[in-house]
Amino acid sequence: YLPFVQVGAGAGREALQLALADGLLDRTRASLEVRELAASVARPPGSPAPLAGEALLRAAYDRVTELVEGQGGAWSEPASQVLSRGRGNRTVLLKALYAALGVRARLALVRPFTADPAPYRFPRPDLYGHQVLRVEQGGRTFWLDPSTRYTPFGVLPQVARGCEALVLPEPGEAPEVARTPEGDGEGRATGL
């Protein structure tokens, strides 16, 4: 028998969350174009009053689904670039759009069931390979996955249900770890 020692250096999960949140902050900031889109979503043509609550969330989600083609893109593109090209990461654009609408939305990195379940003192970003939005509105929490075009509002893929999620904080907020909803077996995971 030979003795075995493993030594590690680095920061824990909170530091990982803060570093990832800092890196995505500018990309999810609402530009002038995103704010104009927010104004058109909040008050659709012919509407007697501005949208609010879940109707506003759904309208923004549907508009991003219509405007951005393809099956997602890199996190390196800012929301305004995704909007202008009509291609790219819908999650980044939707996060910026919700911010422009005054809705509390946070990016969440999900550790799907297909990831290594072993505990890590120094977690790697690749363990959290599925990105979703956690949106809070009217006392309810919605978990949204706009990564695949035309995914219905509030539906998470089976691999991302009931999983650990690193909720990326905004400046001044503390990092949070949550669990995605289990769903009802039919793909619905809304308003939990």
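## Handedness and the α3/α5 pair

A crossing is right-handed if the near helix is turned clockwise from the far one by less than a right angle. In this predicted model, the crossing of α3 and α5 is right-handed. Helix α3 covers residues 53-67. Its axis and that of α5 come within 10 Å and cross at roughly 145°.

On the α3 side, the contact is made by Leu-57, Ala-60, Tyr-61, Val-64 and Thr-65. On the α5 side, Arg-90, Leu-93, Leu-94, Leu-97 and Tyr-98 take part. By class, this contact of α3 with α5 has 8 nonpolar residues, 1 polar and 1 charged.

## The α2/α5 pair

Two packed helices are described by the angle between their axes and the distance between the axes. For helix α2 (residues 32-42) and helix α5 (residues 90-100), the axes come within 9 Å and cross at roughly 65°. That angle makes α2 roughly perpendicular to α5. The crossing of α2 and α5 is right-handed.

From α2, the contact draws on Val-34, Arg-35, Leu-37 and Ala-38. They meet Leu-93, Ala-96, Leu-97 and Ala-100 in α5. The residues of this contact of α2 with α5 divide into 7 nonpolar, no polar and 1 charged. Leu-93 and Leu-97 of α5 meet α2 here, and both also belong to the contact with α3.

## The α2/α3 pair

Helices α2 and α3 pack at an angle of about 125°, with their axes 9 Å apart. The two are therefore oblique to each other. Their crossing is right-handed.

Leu-37, Ser-40, Val-41 and Ala-42 represent α2 in this contact. Their partners in α3 are Leu-56, Ala-59, Ala-60, Arg-63 and Leu-67. By class, the contact of α2 with α3 has 7 nonpolar, 1 polar and 1 charged residues. Leu-37 of α2 meets α3 and also meets α5. Ala-60 of α3 meets α2 and is part of the contact with α5.

## The cavity

The count comes to 1 cavity of 30 Å³ or more. The largest cavity has a volume of about 70 Å³.

Its lining includes Ala-21, Leu-24, Leu-25 and Thr-28. Lys-95 and Leu-107 line the cavity as well, as do Leu-168, Pro-169 and Glu-170. Helix α1 (residues 13-25) gives the largest share of the lining, 3 residues. By class, the lining divides into 6 nonpolar, 1 polar and 2 charged residues.

Terms used. Residues are numbered from 1 along each chain as its sequence is written. This is a predicted model: local features need pLDDT of at least 70, side-chain atom pairs count only at pLDDT 80 or more; totals for chains, interfaces and linings use all residues. Side-chain values use heavy atoms; hydrogens and water are left out. Axes are lines fitted to C-alpha atoms, for helices over the stretch in contact, and angles run from 0 to 180 degrees between N-to-C directions. Helices (H or I, at least four residues) and strands (E, at least two) are DSSP runs, numbered from the N terminus. Angles under 35 degrees count as roughly parallel, over 145 as roughly antiparallel, 65 to 115 as roughly perpendicular and the rest as oblique. Contact means heavy atoms within 4.5 Å. Ala, Val, Leu, Ile, Met, Phe, Trp, Tyr, Cys and Pro count as nonpolar, Asp, Glu, Lys and Arg as charged, and the others, Gly among them, as polar. On a 1 Å grid over the protein atoms alone, a cavity is a set of points where a 1.4 Å probe fits but cannot get out, and a pocket is an open set with protein on both sides within 12 Å along at least five of seven lines; lining residues have an atom within 4 Å of a point. Grid points are joined across faces, edges and corners, and a volume is the space filled by probe spheres set on the points.
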